[in-house]
Amino acid sequence: MAVEIKKEDGILWVKFNRPEALNAINEDFIAGLKKAVEIAREDKEIRVMVLVGEGRAFCAGADIKMFSRIDAFRAREIIEDLGKVLENLEDLEVPVIAAVNGLALGGGCEIAMACDIIIASERASFGQPEINLGIIPGAGGTQRLARIVGWKKAMELCLTGERIDAKTAERLGLVNKVVEHDKLIEEVKAFAEKLKKKSPTALMLVKQAVNRGFKKGLGEGIEYERDLFTISFASRDAEEGIKSFIEKKEPKFGSRV
Ligand code: COA
C-alpha cells in the first residue's frame with residue numbers, strides 16, 4: 001500500500017509508504033490520500049490529521065517513471081485527481097499537519113502546502129524541481145507557493161527548481177517550525193494534542209475564515225470572517241469557553257458535529 005492510514009487517540013496518521021521510490025506519487029498514492037481525506041471528513045472522532053513520509057523523503061513528487069509511460073491527457077487526469085484531493089484536504093474541518101521528515105519536492109511540496117501547519121525536521125528540504133524535467137508544477141505549486149512565500153521568491157524557486165533547506169523554508173514562512181529530526185513525531189503529537197483541546201467548531205471556522213481570506217480579496221475575507229465570528233459566538237462551545245474563563249475553569253468543548 002502506497003499510503004498507510006492509522007487512527008490513534010483522535011489523530012489520523014497518514015504515512016506515505018513507498019520509500020524505495022522516495023514516496024513518489026503514483027495512482028495508488030493518490031487513491032490512498034483520497035481515502036484518508038474521506039476518513040478525516042466522515043469519522044467524527046478524528047480531531048487532527050497528520051501526514052508523514054516513511055524513510056528519507058516526505059515525498060519526492062510525481063512518479064517520473066509513471067510520467068514516462070503516459071501522454072499529456074492522462075497526465076492531466078492524474079494531476080487533476082491529485083489537485084482535487086488537495087482541495088478537499090484543505091477544506092477539511094479538522095486541522096492537518098504536514099510532518100515533513102525529509103525531501104518535499106514537486107508534488108511533495110504541493111501536498112505540504114495544502115496542509116494547515118508544516119512542522120519540518122532539520123533534515124527536510126523543499127522545492128519545485130519540475131523545470132528540470134521540462135515541465136511545470138501542476139497541483140497548485142505555482143499558486144500556493146506564491147501566496148505563501150511571495151511572488152518573486154516563488155518565481156525564483158519555480159524558475160530555478162532549486163531546493164531550500166528547512167531553516168530557509170521557515171524564514172520564508174513556508175514552514176511553521178523546524179525541529180530536531182528524532183523529535184519530529186513527538187513535536188507533531190504535542191502540537192496535535194494542543195489543537196485537540198480547542199473547540200472543533202471554532203477550529204473549523206478559523207480554517208474557513210483564514211482560507212477564504214487567503215483565496216479571495218481582503219474586503220470579502222473580512223466580511224466572511226464577521227459572518228463566521230457570529231456563527232462561532234452563537235455556539236455552545238462559545239458559551240462554555242466564556243463561562244469557563246470567568247469561573248477560572250478548563251473549558252469542556254463538545255465533539256465534532
Ligand atoms: N519519481 C519516481 N522515482 C523517483 C522519484 C520520482 N519523483 N524520485 C526519486 N525516485 C527514485 C529514484 O529513481 C531511485 O530509484 P532507483 O533506486 O530504482 O534508481 C530512488 O527513488 C532513490 O532516488 P535517487 O535519485 O537514487 O536518490 P538521490 O538521493 O540520489 O536523489 C533526489 C534524490 C530527490 C534529488 C532525486 O531522486 C530526484 O531528483 N528526484 C526527482 C524529484 C523531482 O523532480 N520531483 C518532481 C517530479 S514532477
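This note goes through the ligand site, the aromatic pairs and a few single residues of a predicted model.

1. Basis. The model is predicted, so local features need pLDDT of at least 70, side-chain atom pairs count only at pLDDT 80 or more, and totals for chains, interfaces and linings use all residues. Residues are numbered from 1 along each chain as its sequence is written, and side-chain values use heavy atoms, with hydrogens and water left out.

2. Ligand shell. The ligand is surrounded by 17 residues. R56, A60, A62, I64 and K65 are the closest. By type, the shell holds 10 nonpolar residues, one polar and six charged. Here Ala, Val, Leu, Ile, Met, Phe, Trp, Tyr, Cys and Pro count as nonpolar, Asp, Glu, Lys and Arg as charged, and the others, Gly among them, as polar.

3. A ligand nitrogen lies 2.9 Å from a polar backbone atom of A60. A nitrogen atom of the ligand is also 2.9 Å from a polar backbone atom of I64. The ligand taken alone exposes 860 Å², and the protein buries 60% of that. These areas come from the Shrake-Rupley method with a 1.4 Å probe; for residues, only the protein chains shown count as cover. Helices (H or I, at least four residues) and strands (E, at least two) are DSSP runs, numbered from the N terminus.

4. Aromatic pairs. There are three of them. Rings of Phe, Tyr and Trp (its six-membered ring) pair if their centres lie within 6.5 Å; planes under 30 degrees apart are stacked, over 60 edge-to-face, and the rest tilted. The planes of F16 and F58 meet at 70 degrees with the centres 5.3 Å apart, so this pair is edge-to-face. It links distant parts of the chain, with F16 in strand β2 (residues 11–16) and F58 in strand β4 (residues 57–59), 42 residues apart. F16 and F58 are both buried, meaning under 20% relative accessible area; exposed is over 50% and partly exposed in between (1.4 Å probe, protein chains only). One aromatic cluster takes in F16, F29 and F58.

5. A pair in a helix. F229 and F233 form a tilted pair, 5.7 Å centre to centre and 45 degrees between the planes. Both belong to helix α10 (residues 218–233); they are four residues apart, so about one helical turn separates them. F233 is exposed, at 52% relative accessible area.

6. E193 sits in helix α8 (residues 184–196) and is partly exposed at 32%. Its side chain makes a 3.2 Å polar contact with that of K196. S199 is in the loop between α8 and α9 (200–215). S199 is buried at 5%, and its side chain reaches the backbone nitrogen of A202 at 3.0 Å.

7. Positive phi. D9 is not a glycine, yet its phi is positive, about 50 degrees. D9 lies in the loop between β1 (3–8) and β2 and is exposed at 62%.

How values were computed. Near = heavy atom within 4 Å. Polar contact = N/O pair within 3.5 Å; in protein donor to acceptor, adjacent residues only side chain to side chain.
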